Every structure is written in structure tokens, then in C-alpha cells.
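Hi,

Here is the model I promised to pass on.

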Amino acid sequence: MNPCDFSLGKPQSAEKVCLNKEASLSKHCSKNAQKDLSLVTPNAGGYPEERRCREHAKMLDCYCQDDLACVCAMCSSVGSHKGHSIVALKEEHDKQRVILSLTMKSIQENKNAVNKVLMHLQKSEDQIKYNKKSLTVQLSKLFQEIKSQVNQKEKQILGDIQSNEEKQLADIFALKKKAEGKRDAALHGLQELQMLTKQADAFRFLKDFQLAQERIKKQNSSNESVEVLTVHLDESVIQDVRSHTEAYLSNLDNLMQVVHGKIINQTQWCRAIPAAEFSLDDVVCEVFPSPPSPQTRKLSGTNSAAAHLTFGNMEQDP
Ligand SMILES: [Zn+2]
Ligand SMILES: [Zn+2]
């Protein structure tokens, strides 16, 4: 046990050690210790050798900004870091803490911006789905209309042919009835004349034959009939209908190309400064301005760590 050098009475186990005063403090004492003590919790690793200069065996309480290394006072005054830009360890600590908080703020801002992008991407996804759905509904309705009009036209044309057939068959039927009546009358007249051939009485014969002849004269001798021409779709008509259909479909295609183009170009790419291109050097330069050197300034101007993720041209066609 490493005993506390300050606890009164019963010895307490030391939890902290002071790097400068080379003292061990218990939990209680370390809380009440003076602020200028550099208290650390010894870790299993390398205390205290790790915190001492190997060359000069002094506390590493300085910081070389040229080498980004912790050094001792001797290193900075007479050692290998002589003439380098040296600051107190605490000063560098304070500076790096500022950089840390700025870095966290910047990452938080970028995180918020990425969340905005994610929300926007979700909106875009929904819009694509909505566009596809509404377009599908509209086009289906339109094509349903076209098909129903074509079907209606077919029904109407076939219906006209059907009713024409009925009308003309009725005319033929009437002519057939008339012709059958004439055939019966002729048969009847022939039978009468047949009877006359057997009439031996001259008076009766002459009288009856005269009557029969008058009846024959009254009969309409004209026989009405109907000639029906062969009708079918001419090859030229079929070709005409086909080429009209092709022209119609081609026009429809042109109109649909416009719609198709719109749906292809519905995604407008937005340029946003990516959160990953964050440069700590720029933070340092902004907070602790120093004469520009090619190393630290190489990324400045392209973006700044504090830069907000900006949305580019996010407006969409309504
Ligand atoms: Zn040293
Ligand atoms: Zn140095």
C-alpha cells in the first residue's frame, strides 16, 4: 500500500500522487489539495517513469509545439528542444481543450446536417414512390379509357352490321313471301286451265276461259329479286386501319416520352459539403491564428471545420 502523506491518524491508502511535489494523497486529501498540485491517478502503466524525461529525469511539464511532444524544462533550455516553440503543458492542455470542444461542436453540427440529409432522402424516397403510384393510376385510367373507347367502337360497328343484316333479311323475307304467293296463284291458275281442257261445252268454255284470261292479265308478272354483292374488308382498308393505328400509337408514344423523361429526371442531385472532409488544422488556424505555413494551410479555403453542411440546389420541380 502506498500511504497518504497528508492523512492524519490512521494511515489511508493513497489514490492520487502529485507529480511536482512527489507526494501521495488519499481520496479525501486530494479533494482538499491545493489547485497547483498536479494530481494524477497512477495507472498500471508507467508512472512515474512515463512522466519524467528519460534524459534529465525531470517532470515533463513543458510542451514542444514543433515536435508535438511533452518535454522537460531542461530539454527546452539546453536539451534537444532548445530554440523550439515551447509552452507550459497546462497552456497546451487549455488550448487543446478548446480545440476539443470546437471539434465536438463541429461534429455535432455535421451530425445535425447529416440528419437533415437523411430526412431529405426519406422525403425523396417517398416522393419517388408517390410519383410512381399516381402516374400509374393516371396512365392506367387513361389506357382503360382508350381500350373502352376502342371496344365501344368495335361494338358499335359490329352492331350496325348486325342491324343492317336484320333489315335487309326482312326485305328479302318480304320478297320471298310475295314470290311464294305468286307461285301459289300460278299453281291455282294452272289447275283451273287444266280443268278447262276438259270442258266440252263451247259456251261454258268460252265464258270461263275469258274470265280466266282476265285474272291472268291482272296478275303482276314482274318478279322482284335482290342481287347481293360480295362484301369483305379490302386489303387496302385493312392496311389503312393498320397504318392509322401505328400513327396513333406513335403519337401516343411521343406524348408518353415526355412523361417518361420527366420521371427519369425527377431526381435532382443536391451537392452538400460532406461532413467527413473536416480538417482539424483549420480549427487551430481559426482559433489560434499563426503565420500561414504550407502544412497547416493547405486545406483552408476549401472548407472550414466550422462550416455548416449546406444544401445545394435542393428545390425540385413542383
Ligand atoms: Zn528533458
Ligand atoms: Zn522540439
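Lys90 is exposed, with a relative accessible area of 59% (exposed means over 50%, buried under 20%, partly exposed in between, with a 1.4 Å probe and protein chains only). Before I go further: this is a predicted model, so local features need pLDDT of at least 70 and side-chain atom pairs count only at pLDDT 80 or more, while totals for chains, interfaces and linings use all residues. Residues are numbered from 1 along each chain as its sequence is written, chains are lettered from A and ligands numbered from 1 in the order in which they are written, and side-chain values use heavy atoms, leaving out hydrogens and water.

Back to Lys90, which forms a salt bridge with Asp94, their closest N and O atoms being 3.4 Å apart (a salt bridge here is a side-chain nitrogen of Lys or Arg within 4 Å of a carboxyl oxygen of Asp or Glu). Both residues sit in helix α3 (residues 89-196), and since they are 4 residues apart, about one helical turn separates them. Helices (H or I, at least four residues) and strands (E, at least two) are DSSP runs, numbered from the N terminus. Asp94 is partly exposed at 37% relative accessibility.

Helix α3 also holds Lys105 and Glu109, again 4 residues apart, about one turn of the helix. This pair forms a salt bridge with its closest N and O atoms 3.9 Å apart, and Glu109 is partly exposed at 21%.

Then there is Arg215 with Glu192, a salt bridge whose closest N and O atoms are 2.2 Å apart. That pair links distant parts of the chain, 23 residues apart: Arg215 belongs to helix α4 (residues 202-218) and Glu192 to helix α3. Both ends are partly exposed, Arg215 at 41% and Glu192 at 28%. By this rule the count comes to 9 salt bridges.

Now the metals. The zinc ion (ligand 1) has Cys53 (SG), His56 (ND1), Cys72 (SG) and Cys75 (SG) as its protein donors, 2.0 to 2.3 Å away. Donors are N, O and S atoms within 2.8 Å of the metal (3.2 Å for Na, K and Ca), and sites may look incomplete because water is not among the atoms. Along the chain the spacing is C-x2-H-x15-C-x2-C. The 4 donor atoms subtend angles of 96 to 124°, so the arrangement is tetrahedral (for four donors, all angles between 85 and 135 degrees).

The zinc ion (ligand 2) is coordinated at 1.9 to 2.1 Å by Cys64 (SG), Asp67 (OD), His81 (ND1) and His84 (ND1). Its donors follow the spacing C-x2-D-x13-H-x2-H. Cys64 lies in strand β4 (residues 62-64) and His84 in the loop between α2 (73-77) and β6 (86-88), so the pair ties together parts 20 residues apart in sequence. Cys64 is buried at 0%, whereas His84 is partly exposed at 27%.

Which residues make up the largest nonpolar core? Cys53, Leu60, Cys62, Cys64, Val71, Cys72 and Cys75, 7 residues in all (a core is a set of buried Ala, Val, Leu, Ile, Met, Phe, Trp, Tyr and Cys residues joined through side-chain atoms within 4.5 Å). Cys53 is buried at 9%.

Cheers

Terms used
Four donors count as tetrahedral if all angles lie between 85 and 135 degrees; four count as square planar and six as octahedral if opposite donors are over 155 degrees apart and all others between 65 and 115; anything else is irregular.
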